[in-house]
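Biologist: Could you take me through this model before I plan my reading of it? I would like to start with the terms you use.

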Amino acid sequence: MKRIVIIGASSGLGLKISMIFAETGWKVAMAARRTEPLQTVKNQYPDSVVFSKIDITTENSGSLLTELIHKNGGADVILLAAGIGWQNAELDMDKDLKTVNTNSAAMVRIVNTAYHYFVNECNGNGQIAVITSIAGTMGLGISATYSATKRMQSTYLEAIEQLAHINGYNITVTDIRPGFVKTALLDPNKKYPMLMNVDCAAKKIVNAIIKKKSVAYIDWKWHIVVLLWKLIPRFIWTKLKIKIDS
């Protein structure tokens, strides 16, 4: 039986992905700050699901993740689905620092723990997956810290993948880059381009994990958009008035 640990599993994509893996016969370990939704999934799949309360922003989240992995009988895949972000054109300092703490510092703590688990307990075999974002492609003025931290995540994952190869480990790294997905992170009063529902996005993410893709855009249309973005010179990009209309 394949085993996966999913951090950030109490809502949105993390919750739906957990349910898909449980439905298809995987052993699933769920983690989040809120445990009520996790207990609901556990009740539905009592033989397949375990869970723990983990706040990735706390210093002991790495050790709590290791405990959950062992509670699950091990892990073949460790997926980080937790993250925060706002449109923050006012550059509210508190929002910026919370975004950095969650999307950067906490992400490193989780991925670092996962890497060492696979090296020390799985003979260098395993898969690390993180839900990043297409927002990490370019700096977005309305979400400066969010786009910056998502760029950092993708760069860190790329470096971890290279490090695994340097050391001769068989650790797959999967960078999952969705566009707009209809979750609680989005403002319900705004209109978003190419908005995907959670069920559709979650199925595509599960497929990318199973296929062990290195980089997966959710979905292909965003891949085209990203390629076009990369062709825009910096001096033009920084003058574009990109915003989400209300």
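Modeller: Buried means under 20% relative accessible area, exposed over 50%, and partly exposed in between (1.4 Å probe, protein chains only). By that scale Asp199, at 39% relative accessibility, is partly exposed. This is a predicted model, in which local features need pLDDT of at least 70, side-chain atom pairs count only at pLDDT 80 or more, and totals for chains, interfaces and linings use all residues. Residues are numbered from 1 along each chain as its sequence is written, and side-chain values use heavy atoms, with hydrogens and water left out.

Biologist: What does Asp199 meet in a salt bridge?

Modeller: Its partner is Lys16, at 3.7 Å from N to O; a salt bridge is a side-chain nitrogen of Lys or Arg within 4 Å of a carboxyl oxygen of Asp or Glu. Lys16 lies in helix α1 and Asp199 in helix α6 (residues 198–210), so the pair ties together parts that are 183 residues apart in sequence. Helices (H or I, at least four residues) and strands (E, at least two) are DSSP runs, numbered from the N terminus.

Biologist: How many salt bridges are there in the whole structure?

Modeller: The search finds five. Among them is Asp94 with Lys98, at 3.3 Å from N to O. Both residues lie in helix α4 (residues 93–121), four residues apart, about one turn of the helix. Asp94 is partly exposed at 45% relative accessibility, and Lys98 is partly exposed at 44%.

Biologist: And Asp219, is that buried or exposed?

Modeller: Asp219 counts as buried, at 9% relative accessibility. Asp219 forms a salt bridge with Lys221, with the closest N and O atoms 2.9 Å apart. Lys221 is partly exposed at 32%.

Biologist: Changing topic: which residues of α2 are buried?

Modeller: In helix α2 (residues 36–44) they are Pro37, Leu38 and Val41. They cover an arc of only 100° around the axis, which puts them on the same side of α2; the arc is that of the directions from the helix axis to the C-beta atoms.

Biologist: What covers them, and what is on the face turned away?

Modeller: The cover includes α1 (12–23), β2 (27–32) and β3 (49–53), where contact means heavy atoms within 4.5 Å. The face turned away from the buried side carries the exposed residues Glu36 and Asn43.

Biologist: How many disulfides are there?

Modeller: The count comes to zero, a disulfide being a pair of cysteine sulfur atoms within 2.5 Å. As for individual cysteines, Cys122 is buried at 16% relative accessibility, and Cys200 is partly exposed at 31%.
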